[in-house]
Amino acid sequence: MTKEGRVVNSRYDKYRQINRFLEFIEDILPNLDQGRESTIIDFGCGKSYLTFAMYYYLKKLKGYPVRIIGLDLKEDVIEHCSRLGRQYGYEGLSFCHGDIASFEGVEKVDMVVTLHACDLATDYALEKAVNWGARVILSVPCCQHELNGQMENSLLGPVLQYGLIKERMAALYTDAIRAQVLEYRGYRTQILEFIDMEHTPKNILIRAVRQGRKRDNGLQIRELAEFLHVKPTVVELLAPELWEPCEKTTDR
């Protein structure tokens with residue numbers, strides 16, 4: 001903000017994104033137990049605008065006993081955020097340096113959030129969340145490159161020949177498959193518009209709430225993957241049994 005308390009124009013898009021994310025967090029508050037400490041992890045926290053905002057919103061404004069951990073690959077950023085946390089007296093807020101796939105800092109997590117975790121980082125975050133039995137997952141994916149390099153289908157050939165179209169289709173298929181895999185693993189999953197396109201082109205949010213009852217959609221996931229000639233990492237991580245007994249086949 002400026003000295004007058006106004007949001008800096010160049011940071012307004014980020015300001016809108018953070019506040020919109022907090023609105024989604026407000027929606028899932030009934031899934032957090034206000035009678036005990038909830039552990040929340042922000043994977044790929046970066047400069048931690050969202051991490052600090054979550055802590056202030058949940059702990060200071062709503063009175064939820066929370067422990068929030070921010071994780072990022074940039075060591076200097078983590079050191080800076082740790083200093084700020086101590087400066088503000090946020091005892092339940094901590095930051096760790098490391099990558100999502102190898103993070104082993106906790107045994108149980110109640111909520112996992114990711115804001116623009118790039119490409120496969122989102123898949124590893126989802127894997128961690130599911131294996132922890134997290135009650136809530138809020139993920140805004142970013143830079144979905146994997147399927148763009150794999151997709152191949154003769155029927156869709158006339159469409160996929162256009163690079164921009166293929167890129168956008170690959171991103172949409174990626175997030176749809178992620179949502180289906182979460183359903184398969186027992187989550188009620190929605191894909192929602194995160195924020196207006198004018199503020200960020202990365203405007204899809206995956207919201208998943210654990211139900212316990214798995215959806216019987218494994219065959220559909222495998223047939224879709226075979227149709228597109230893809231092998232998404234999220235399936236490899238959370239539903240590898242879907243590749244058995246057969247691997248990818250030819251176009252349908």
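Start with the sheet: it is an open one of 7 strands, in the order β3-β2-β1-β4-β5-β7-β6, with mixed pairing. Two strands count as paired if DSSP finds at least two bridges between them. Helices (H or I, at least four residues) and strands (E, at least two) are DSSP runs, numbered from the N terminus. β3 and β6 (187-193) stand at the edges, each with a single partner strand, so one side of each has no neighbour in the sheet. From one strand to the next, the twist averages 15 degrees.

Before going on, a word about what you're looking at. This is a predicted model, where local features need pLDDT of at least 70 and side-chain atom pairs count only at pLDDT 80 or more, while totals for chains, interfaces and linings use all residues. Residues are numbered from 1 along each chain as its sequence is written, and side-chain values use heavy atoms, with hydrogens and water left out.

Now find β4. Strand β4 (residues 111-118) runs parallel to strand β5 (residues 136-142), and 7 bridges join them. Along this pair, Met111 stands opposite Val136 in β5, and Ala117 stands opposite Pro141 in β5. Helices pack on the sheet too. Helix α1 (residues 12-27) touches β4, β5, β6 and β7, and its direction makes about 150 degrees with that of β4. Here contact means heavy atoms within 4.5 Å. As for the angles, axes are lines fitted to C-alpha atoms, for helices over the stretch in contact, and angles run from 0 to 180 degrees between N-to-C directions. Helix α4 also packs on the sheet, touching β1, β4, β5 and β6, with its direction at about 170 degrees to that of β4.

β4 has another partner: β1 and β4 pair in the parallel sense over 4 bridges. In that pairing, Phe43 has Thr114 of β4 as its bridge partner. Is β4 enclosed or open? Because 7 of its 8 residues are buried, β4 is largely enclosed by the rest of the structure. Buried means under 20% relative accessible area and exposed over 50%, with partly exposed in between (1.4 Å probe, protein chains only).

Asp119 isn't a glycine, yet it has a positive phi of about 50 degrees. At 17% relative accessibility, Asp119 counts as buried. Ser48, in the loop between β1 and α2, has a positive phi of about 70 degrees and isn't a glycine either. Ser48 counts as buried as well, at 1% relative accessibility.

Next, the greasy parts. In soluble globular proteins, nonpolar side chains tend to be buried together. A nonpolar core is a set of buried Ala, Val, Leu, Ile, Met, Phe, Trp, Tyr and Cys residues joined through side-chain atoms within 4.5 Å. The largest one here has 40 residues, and those with the most contacts inside it are Ile41, Phe43, Trp132, Ile137, Leu182 and Val235. Elements giving two or more residues to this core include β1 (38-43), α4 (120-132) and α6 (163-184). α6 gives the most, with 6 residues. Apart from this core lies another, of 35 residues, among them Leu29, Tyr55, Ile68 and Val113. Zoom in on Trp132: leaving aside neighbours within four places in sequence, Trp132 is in contact with Ile41, Phe43, Phe103, Val106, Glu107, Lys108, Val109 and Val112.

At 1.5 Å a residue, the 14 residues of α3 (residues 75-88) should span 20 Å, and the end C-alpha atoms are 20 Å apart, which agrees. That expected span is 1.5 Å times one less than the number of residues. Which residues of α3 are buried? They are Val77, Ile78, Cys81, Ser82 and Gly85. These cover an arc of only 135 degrees around the axis, which puts them on the same side of α3. The arc is that of the directions from the helix axis to the C-beta atoms. The buried residues of α3 pack against α2 (49-61), β2 and β3 (93-97), while the face turned away carries the exposed residues Asp76, Arg86 and Gln87.

Finally, visit Asn217, in the loop between β7 and α7. Asn217 is buried, with a relative accessible area of 0%. Not counting residues up to four places away in sequence, Asn217 touches Gln180, Glu183 and Tyr184.
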